[in-house]
Amino acid sequence: MVEGKLGRFSRSVSVIGIGATPFCIIDDDPEMKGLTEGEFFGHAALMAMADAGLEPRDIDYFYHGAANPKFFNFAATPNMQVAEWFGMRGKGSVHHSEACCSGYVGLEEAVKDVASGAHDIVLSGCVEMACGLPVTHKPAHIRKPISLEDVLPDLEAIMDRAYTRALGAGHIGQDDWIDLYRNEYHLTEEQIDEVLNKMSYDGRRAAALNPLAMLRTPFEELAKNVGMDDPMEYLRSSYNPKTTQYLRGTGNAPSADGAACVIVCPTEMAHKFKQKPIEVLGIGASCLELMQPHNEKEITKEAARQVYEATGLSPDDIDLLLVNDFVLPSQLLAAEEVGYLPKGEGWKWVMEGRTAFDGDRPINPHGGRTSYGHAYGASGMADVYEAVLQLRGQAGPRQVKNNPKTAMLRGFGGGQNCRIPILRTVD
Amino acid sequence: MKIEKVVEKFYDGLAEHKLYGRKCKECGAIEFPPKYACNTCGYHETEWTELSGKGKLHSIILASTLNKDPWNSELKNYSYGLVELEEGVKFNATILGIRRKNAKKLREMLPLPIHPVFYEKEGFTTLFFELDEVEGIE
Ligand SMILES: [Zn+2]
């Protein structure tokens, strides 16, 4: 691969507003059933405006991200189709689609837009109504159920069509990096299982405290329901079967309906609004196609190198890490790759509870994708929402304990795309 | 500048049991499967070259319920793995003949020598790999 170079922004940019819907299956809740993409995106956008103390008329431009708008919403121009829900008729906007990395790209685009001087106040939102499918010739509030048989063939869309699909070269991803890690550090399959189960356990403990999370029932309770006293015993039992060689059911993110938005502006203007501004110091970027060896590891390494170099920061400066861990091992592996945990030792930190939301090296205090839920394109923006909330000190009972000033996010998704932003409180 | 057909030539090559790649005119790195430009050094020009197909398998990732390949549901025993061809290119591929039962033993013996399998699909030939004979493994 060929390395990239990241410079400093022409002007400093900060997040001044955030909004998010819960991640959920709308059809399971009579209060939510029938809600549409426009309403979800619109709600998150208006929440972000209220958070900042802005009206729709104050927003200059917006970005719309979704992993797969044609499949989930039968829309090719979704930015146009949501704009009026939050008072943006006639204003400029753009749609972008980078699979599960869309949320992080949405942040990157909005920040670069403001940094360039093109616009002052920019909203960036992402949405995915991932738990249902559009019905031909019916309005958006009517949808049909979706099954694994619908989703799995569609996953091909993130692979190169000239070579990767035909050569059977794109399906290695879920186990590839954890297998490499296991061999490199000589762990047994049982040890890997324990580490992953501990991450599931701590993630659920955080999600139980997070009203936006999708799976909130603690494993103690799920264990008890089947007559077990020990949640770890439950996690390694046949109630939680293996879905790949290394992953169990709890190692895969459940699909969700969800939306999230941020609003950014020049840091010099940010004090005028309601919230403590959170500066975006830089965003590293790297992409590799699925046929490329150890692609998730390589793009994580490269994007982290860029953002450390551009910001002059080092892993010791990072107080909080969010990882888009729709495949659970990513949480540990990415944390080591960006230097947040020591190489080959991170799994011990997980086992000691140090990476839990109430540990001294917190990762994913919102519960992580496997408990929080995965609304594909919107997941990254939900991570940005959580990082900003934590840096403001507004995360309530799941507030991390180390008084974080600086957060890193390891955005990742289909294809493969990686973005690594660093966010910092403004003194 | 003429637009050169690369994808079609690659698959035509597979049908004749040949592996075509492209070699960078500046750094000599090989693009496989072939592309126009070099992704090792970032130079714009490459030229056709033929690869031997001999190489090594560096990893064995089993296909299971959630990472199976819908394109290849007819295959009985296959896994995924990191392939390195003797000309220096590395890529992910589908490997035939590996099953859960022999995977554990094979993993301990990695890297293992492999050869290409030209596999006929409807309307095109694709490329998988297979282990050379390994002593003591069925
Ligand atoms: Zn080259």
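**Close-up 1. Cys38(B) is buried in this predicted model.** Its relative accessibility is 3%, under the 20% cut-off, so Cys38(B) counts as buried. Cys27(B) counts as partly exposed, at 38% relative accessibility.

Close-up 2. Cys27(B) and Cys38(B) are eleven residues apart and link distant parts of the chain. Cys27(B) sits in the loop between strand S1 (19–24) and strand S2 (30–31) of chain B. Cys38(B) sits in the loop between S2 and strand S3 (46–51) of chain B. For four tetrahedral donors, the ideal angle is 109.5 degrees.

**Close-up 3. Helix H6 packs against helix H12 in chain A.** H6(A) spans residues 173–184, and H12(A) spans residues 330–337. The two helices meet at an angle of about 65 degrees, and their axes are 10 Å apart. The crossing is left-handed. From H6(A), the contact uses Trp177(A), Ile178(A) and Tyr181(A). From H12(A) come Leu332(A), Leu333(A), Ala334(A), Glu336(A) and Glu337(A). By class, six of the contact residues are nonpolar, two are charged and none is polar.

**Close-up 4. Helix H12(A) is mostly covered.** Eight of its eight residues are buried. They run from Ser330(A) and Gln331(A) through Leu332(A), Leu333(A), Ala334(A) and Ala335(A) to Glu336(A) and Glu337(A). The cover includes H6, helix H7 (189–207), helix H11 (295–311) and helix H13 (346–351) of chain A. Strand S9 (320–323) and strand S10 (406–413) of chain A also contribute. Just after H12(A), Gly339(A) takes a positive phi of about 85 degrees.

**Close-up 5. Trp85(A) lies in a loop of chain A.** The loop runs between helix H3 (78–82) and strand S3 (92–96). At a relative accessible area of 45%, Trp85(A) is partly exposed. Leaving aside residues up to four places away in sequence, Trp85(A) touches Gly38(A), Glu39(A), Gly42(A) and Leu46(A). Val151(A) is 66 residues from Trp85(A) along the chain, and the C-alpha atoms of the two are separated by 28 Å.

Terms used: Residues numbered from 1 in each chain as written. Chains lettered and ligands numbered in written order. Predicted model: local features only at pLDDT ≥ 70, side-chain atom pairs only at ≥ 80, totals over all residues. Heavy atoms only, no water. Axes fitted to C-alpha atoms, helices over the stretch in contact; angles between N-to-C directions. Helix = DSSP H or I, 4+ residues; strand = E, 2+ residues; numbered from the N terminus. Left-handed = near helix turned anticlockwise from the far one by under 90°. Contact = heavy atoms within 4.5 Å. Nonpolar A, V, L, I, M, F, W, Y, C, P; charged D, E, K, R; others polar. Buried < 20%, exposed > 50% of the residue type's maximum accessible area, 1.4 Å probe, protein only.
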